[in-house]
Amino acid sequence: LIDSQIAWEFYRKNNKSIFDKLFGGQYESKVLCKKCGNVSVTYDPFLDISLPIAKISIQNCLRYHFSEEELTQNESYKCPKCKEGVAATKSMKIDKPPRYLLLHLKRLICGTKKLSTFIKYQNHLDLTELCVDKKEDIVYKLIGLCVHNGGAQKGHYYALSKRGSKWYLFDDKSVKGVSEEEVLKPVSYTHLTLPT
């Protein structure tokens, strides 16, 4: 078995909840030593992806999250081959896509300020370019949103969910049908749920 599969089987063996089965995925992280060229590869499980609000669309937030990162000598990456702190490049991809993708937007800054930047999203999200295996398309479709109205210290949550071909807004005890146009307009939501 390759390292990726060993890591995945270990995770699945020790995490058997329904949440893990539905939302569990796995990252592949690579760190390239700029001194000797050695590549260290690790695999880490995830249940959701927390995205920085740096761009105007979900796709761009994802690209930013998965963009290559430069590590300086001072950032404590110790190359296992050089046996010293070195400058390196870190990259990350999705090795095992989850059945349902849960995205979280990092809207709170130190719990005191909420970023209200509007982020555009669509009915479908193609993650193929962010995956290790590009042999088949990895496309998720939007089925739910959790929206927060208000500031960092107080506010109100409501949810939007798709059942069949219809969308519904759940607000405390109130449930009402809404159009797809209303769902897809830019809002300051916190979570997206998308199945493959």
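Predicted model: local features only at pLDDT ≥ 70, side-chain atom pairs only at ≥ 80, totals over all residues.
Strands here are DSSP runs of E with at least two residues, numbered from the N terminus.

Leaving aside residues up to four places away in sequence, L115 touches I53, K106, R107 and I109. Now take E136, which is 21 residues from L115 in sequence; in space the two are 35 Å apart, C-alpha to C-alpha. For another pair, look at N60 and Y121. They are 61 residues apart along the chain, and their C-alpha atoms are separated by 9.9 Å. N60 itself sits in helix α3, residues 58-65, and counts as partly exposed at 27% relative accessibility.

Next, the whole chain. The secondary structure comes to four helices and 17 strands. The C-alpha trace spans about 60 × 40 × 30 Å along its principal axes. Of the 196 residues, 37% are buried. The accessible surface is about 11,800 Å², and carbon and sulfur atoms hold 52% of that. As for contacts with a separation of 6 or more, 59% of them are between residues 24 or more positions apart.

Now helix α1. This helix covers residues 3-14, twelve residues in total, and its first and last C-alpha atoms are 17 Å apart, close to the 16 Å expected at 1.5 Å a residue. Which residues of α1 are buried? They are S4, W8 and Y11. These residues cover an arc of only 65° around the axis, which means that they are on the same side of α1. On the other side of α1, D3, F10 and K13 are exposed. The cover over the buried residues of α1 includes α2, β1, β2 and β7.

One of those covering elements, β2, also contains V39. The strand runs over residues 39-46. V39 is partly exposed, because its relative accessibility is 42%. Together with L32 and V41, V39 forms a nonpolar patch on the surface, and the accessible area of the three is about 210 Å².

Last topic: charges. Side chains of opposite charge can pair when their charged atoms come close. How many salt bridges does a search of the whole structure find? The search finds four. I will go through some of them.

Start with K30 and E28, whose closest N and O atoms are 4.0 Å apart. K30 counts as partly exposed at 36% relative accessibility, while E28 counts as buried at 10%.

Then there is the salt bridge between the side chains of E70 and K34, at 2.4 Å from N to O. E70 is in strand β4, residues 69-71, and K34 is in the loop between β1 and β2, so this pair ties together parts 36 residues apart in sequence. E70 is partly exposed, with 46% relative accessibility.

Finally, E129 forms a salt bridge with R63, with 3.1 Å between the closest N and O atoms. Here E129 lies in the loop between β11 and β12, and R63 lies in helix α3, so the pair ties together parts 66 residues apart in sequence. E129 is partly exposed at 36% relative accessibility, and R63 is partly exposed at 37%.

Technical notes
Residues numbered from 1 in each chain as written. Heavy atoms only, no water. Patch = residues over 30% accessible without salt bridge, like charges linked within 9 Å, V, L, I, M, F, W, Y side chains within 5 Å. Areas by Shrake-Rupley, 256 points an atom, 1.4 Å probe, with all protein chains shown as cover. Buried < 20%, exposed > 50% of the residue type's maximum accessible area, 1.4 Å probe, protein only. Expected span 1.5 Å × (residues − 1). Arc of directions from axis to C-beta. Contact = heavy atoms within 4.5 Å.
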